[in-house]
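Colleague: Before I rely on the terms used for this protein, I should like to hear the criterion behind each of them. Please show the model first.

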Amino acid sequence: MTYLFVKSKLLLCHLSYCLLLLLITACVSSPSSVQPLSSDSHRYLLTEREQKLVKISDKAHQELVDKGLIYRSKDMHDYVNRIGLSVVPESVRGEVEFNFFILKKPEVNAFAMPNGNIYLHVGLLAKLENEAELGFVLAHEVAHVVERHSYRRQLNRHNTVVTAHVADLLLFGTGLAYLPAGLDLASHSRDHETRADAQGFKYLNQAGYDLGQAEGVFTKLVDVKHQETVSSFWSSHPNSLLREKAARSSIEQQVLSDNRKVEAEVYKAFRRNIAELNIKLRLSHMQFELAEDAVNSEISRQGDMAQWQYYLGETYRLRANNPEAVAREHSWLYNKRLNDELKQEFAQNKSLYLDSAIEHYRKTLQMDKNYSFAKKGLGLVAYSQKKYVNARQYFDDYLHAKERRKDHRYIKNLIKKIGM
């Protein structure tokens, strides 16, 4: 009898333990019951599923490194990291390691991974005006990690499926095993975005930044020039105007700190290095109109200079050489149908584009006669127009400049083809 009693009691204890485990598992398996990292009962990384999300994030980061998409500048990385860590709430420091990176991508975007890695696109950084705006973007992404939005979202899904929005937006190319899945973890619902906005303002206020400066960031961070679709998480989830209205409400609920930092001059020095890189990336991604917009933005910010006139020349020369890409960008920016008629419309503008390119290259040399890249540009235009004598002269001038040219073999090959 005693044996049976003890055995029954042990069985009851075992069943109770199993029931407890089931209850715990059920608690952490329900999106509504997942606690933020700021909670003492968050149980971060308790489940195999969340551990898997972090592993995917780690492998996605390694692919970004391997593809050379991480912008390597210690000073700029240190600056972003300093601002990012300043908006991480005290209650979560030590719960997850936050790291902040700049991606060599021209799209206006930022995203966070469940492992605490936060990425800022060059295109987004070029749009910002001051450190307070940067702080809010970082605080918003920090909030996604703190609130464990990726984990909550994945609990509602059986598999990690790459959304078309992410795939179209980032266009990282093929041959990537983990990055698409990792980027899918960074896409969130409207409710999560709204929650991240509210928490972001809270974190920003605690860090002592001017919330009013960050309020208008939603309508500023947009590429497309129509209202039907958007090009960035930062201009969607939900609509920019709705987010701005909600942001105003969040600010009104805050007890503002005494120290209201903006740091416009500090940020201006930081983004000066970003500006030219953003233009180059736009051009390399065949975003010619957006590159032109970026150049004109820098002229209004920094004043007209030879380098900006050169890049304006490049936007037109490359348009002339890539009419189909021009049509594709136009259809995206203005929500137009991409068809043969639209492609033909831009193909007919080739001579006008080349004339505009020549005008800007010549203005570059008027401003700085030693700006030899403009001579290369004039040479390439002349070559495309089959004006080979002029092309040869411009190419020779370019190659004889003091600076060592990375593309000297390409230019020498063009000279060889001219055969003069």
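This is a predicted model: local features need pLDDT of at least 70, side-chain atom pairs count only at pLDDT 80 or more; totals for chains, interfaces and linings use all residues.

Colleague: What makes up the secondary structure of the chain, and how are helices and strands defined?

Modeller: The chain has 21 helices and three strands. Both are DSSP runs numbered from the N terminus: a helix is H or I with at least four residues, a strand is E with at least two.

Colleague: How many of the residues are buried, and what does buried mean?

Modeller: Of the 420 residues in the chain, 50% are buried. Buried means under 20% relative accessible area, exposed over 50%, and partly exposed in between, with a 1.4 Å probe and protein chains only. The accessible surface comes to about 21200 Å², and carbon and sulfur atoms hold 52% of that surface; the areas come from the Shrake-Rupley method with a 1.4 Å probe, and for residues only the protein chains shown count as cover.

Colleague: What share of the contacts joins residues 24 or more positions apart?

Modeller: Among contacts (heavy atoms within 4.5 Å) with a separation of 6 or more, the share is 69%.

Colleague: Why is Glu90 with Arg93 called a salt bridge?

Modeller: The term requires a side-chain nitrogen of Lys or Arg within 4 Å of a carboxyl oxygen of Asp or Glu. The closest N and O atoms of Glu90 and Arg93 are 3.3 Å apart, so the pair qualifies. Glu90 has a relative accessible area of 63% and is therefore exposed, whereas Arg93, at 42%, is partly exposed. By this rule the count comes to 13 salt bridges.

Colleague: What makes the pair Glu324 and Lys343 a link between distant parts of the chain?

Modeller: The closest N and O atoms of Glu324 and Lys343 are 3.6 Å apart, which makes the pair a salt bridge. Glu324 lies in helix 16 (residues 323-334) and Lys343 in helix 17 (residues 340-347), 19 residues apart. Glu324 is partly exposed at 44%, and Lys343 is partly exposed at 25%.

Colleague: Why are Asp396 and Arg392 said to be separated by about one helical turn?

Modeller: Because they are four residues apart in helix 20 (residues 388-399). Arg392, with 23% relative accessibility, counts as partly exposed.

Colleague: How do you know that the length of helix 2 agrees with expectation?

Modeller: The expected span is 1.5 Å times one less than the number of residues. For the 19 residues of helix 2 (residues 48-66) this gives 27 Å, and the end C-alpha atoms are 27 Å apart, so the values agree. Buried residues of helix 2 include Glu50, Leu53, His61 and Glu63. Gly68, with a positive phi near 70°, follows helix 2.

Colleague: What is the span of helix 18, and which helices do its buried residues pack against?

Modeller: Helix 18 (residues 350-367) has 18 residues and reaches 26 Å from first C-alpha to last, close to the 26 Å expected. Its buried residues, among them Tyr353, His360 and Leu365, pack against helix 15 (306-321), helix 16, helix 17 and helix 19 (373-384).

Colleague: Why are strand 1 and strand 2 said to stand at the edges of the sheet?

Modeller: The three strands form an open sheet in the order 1-3-2 with mixed pairing. Strand 1 (99-103) and strand 2 (110-112) each have a single partner strand, so one side of each is left without a neighbour in the sheet. Pairing requires at least two DSSP bridges between two strands; strand 1 and strand 3 (residues 117-121) run parallel and are joined by five. One of the bridge pairs is Phe100 with Ile118 in strand 3.

Colleague: What is the phi of Met286, and where does this residue lie?

Modeller: Phi of Met286 is near 55°, a positive value in a residue other than glycine. Met286 lies in the loop between helix 13 (264-284) and helix 14 (288-302), and at 33% relative accessible area Met286 is partly exposed.

Definitions and conventions:
Residues are numbered from 1 along each chain as its sequence is written. Side-chain values use heavy atoms; hydrogens and water are left out.
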